[in-house]
Amino acid sequence: MLRLIALMIVVGLPVTAARAAGPAAFLISDVREHEDGGSLLIEVTVLNDDAERQSIPLPHKMEARIDSSGQASTIWLERVEQVPDRIALPPGGFARVVYVLRPLNESDPADAAISIPAWGTRQVAMRTTGVHSAQSGQVSPAPPPVPNHEPSARARSSADRSPSNAFLGNLSAYEPVYVVYGPGTNTEARIQFSFKYQLFGRPRSTSNQQSWLDGLHFAYSQRMFWDLDAQSSPFRNIDFQPELFYLTPVETLPNNVSLSAQGGIRHESNGRGGADSRSFNTLYVAPMATVSLGDGYNLSVAPRLAVYIGDLSDNPDIQRYRGNLSFAVEIGKDDGWQLSTNTRYNFSSGKGAISADLSYPLQRIIGGAPNFYLFGQGFFGYGENLLDYERNEMRLRAGLAIVR
């Protein structure tokens, strides 16, 4: 049976934490048993003590130390799936986020102290029966377990698939998801959807150790180019893009810079035969850096180097038009304007392309509007889609997005 471990800050003062910008304080405010019966949910209050709005990173995993009788061991606090990578807080604002603490082994000591080096926290008292107050010496009883009122699979609405799908938390957004339209071309509409799936780690094992396998992901993106003015309105081309990649943990530096990297193998094809068939494979590596600019604005840059591998008989000169180098830049606010650009270029042929996406939350324009972003898109250069990779084009479209 899970031993309920309650925690509280021994000295209830804000502490300085690793952060993206400005002073931030992290306090453990609540501990409760997870519904899976095998872990604890740690509620953390994040405070913005600065006079300016701050964007504060929340690492996926935080290393914690347990000290007992002069011996130290390491455990990991893991951010729950619903908590974002960053939170934007106004001056003096706060937010509550939740991390998961995997249970200790039955052989671990009942009385110990926990600290989180990256957040600079003081030691936190741990007790198996309740919250221990260092000032009063009293022990508060542990809260009673919350009864499970989850309906049976037969009674559950078919629209709610999460209770019976243990791996749904591994699924998350990847590339933007949108529908845009621009008249005057043979591909007026462009539709894209995309997702990534973490192959290991979420639902995680009972191990408290972080594994390198946690960074392995599968991703899939699909772009559809729709000729609405043609007879029967066919999809002129559909590009399929599955990939397998590794994503490193985010490393936050003291100078407001966050670093990470991604590398993998990507297949791109349009699923057609004959003269219209297009396909190729690339190996790529992409370091990424994000810096806080203040007032909630962030700037991210990600150069990418790709090497073509395998058969190129469907499009033997595609490297001439797409090149091996690309450079992505993103600037904006989490709750405001965001501009994303991607440039690719072949220095030997002088050919390449630049694309740009501009988005803004629709609810900030129309109160009570659906949860969409206004989405504008431009493309200038070669190869907006695989079928037309040799064609120099300009496209301007506008529409709506749910992921930007």
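Predicted model: local features only at pLDDT ≥ 70, side-chain atom pairs only at ≥ 80, totals over all residues.
Visitor: Which residue stands opposite V329, and in which strand?

Guide: V329 faces T341 in β23. The two strands concerned are β22, residues 325-333, and β23, residues 338-346, which run antiparallel and are joined by 8 bridges. They form a hairpin, with 4 residues between them.

Visitor: With which strand does β23 pair over 9 bridges?

Guide: That partner is β24, residues 351-361, and the pairing is again in the antiparallel sense. Within it, Q338 stands opposite S359. The hairpin of β23 and β24 also has 4 residues between the strands, and there G350 takes a positive phi near 75°.

Visitor: How should I think about the side chains along such strands?

Guide: In general, the side chains of a regular strand alternate between the two faces of the sheet.

Visitor: Which residue takes a positive phi in the hairpin of β5 and β6?

Guide: S69 does, with a value near 55°, in a hairpin that has 2 residues between the strands. Strand β5 covers residues 61-68 and strand β6 covers residues 71-79; they run antiparallel, with 8 bridges joining them, and E63 stands opposite W76 in β6.

Visitor: Is K61 buried or exposed?

Guide: Buried means under 20% relative accessible area, so K61, with 11%, is buried. D214 counts as buried as well, at 12% relative accessibility.

Visitor: Which residues are linked in a network of salt bridges?

Guide: The network is made of R190, R236, E384, D388, R391, E393, R395 and R397. Within this group, E384 forms a salt bridge with R397, the closest N and O atoms being 2.6 Å apart. E384 lies in the loop between β25 and β26 and R397 in strand β26, so this pair ties together parts that are 13 residues apart in sequence. E384 is buried, with a relative accessible area of 6%, and R397 counts as buried at 6% relative accessibility. The side chains of R391 and E393 also meet in a salt bridge, at 3.8 Å from N to O; here R391 is partly exposed, at 37%, whereas E393 is buried, at 7%.

Visitor: Which residues make the nonpolar surface patch?

Guide: The patch, of about 1000 Å², includes L199, F200, F218, L244, Y345 and F347. The elements that give two or more residues to the nonpolar patch are β20 and β21. L244 is found in strand β17, residues 235-247, and counts as partly exposed because its relative accessibility is 41%.

Visitor: Where is A51, and how far is its C-alpha atom from that of P91?

Guide: A51 has its place in the loop between β3 and β4, and is exposed, with a relative accessible area of 69%. The C-alpha atoms of A51 and P91 are separated by 5.0 Å, although these residues are 40 residues apart along the chain.

Note on methods
Residues numbered from 1 in each chain as written. Heavy atoms only, no water. Pairing = 2+ DSSP bridges. Patch = residues over 30% accessible without salt bridge, like charges linked within 9 Å, V, L, I, M, F, W, Y side chains within 5 Å. Areas by Shrake-Rupley, 256 points an atom, 1.4 Å probe, with all protein chains shown as cover. Salt bridge = Lys/Arg side-chain N within 4 Å of Asp/Glu carboxyl O. Buried < 20%, exposed > 50% of the residue type's maximum accessible area, 1.4 Å probe, protein only.
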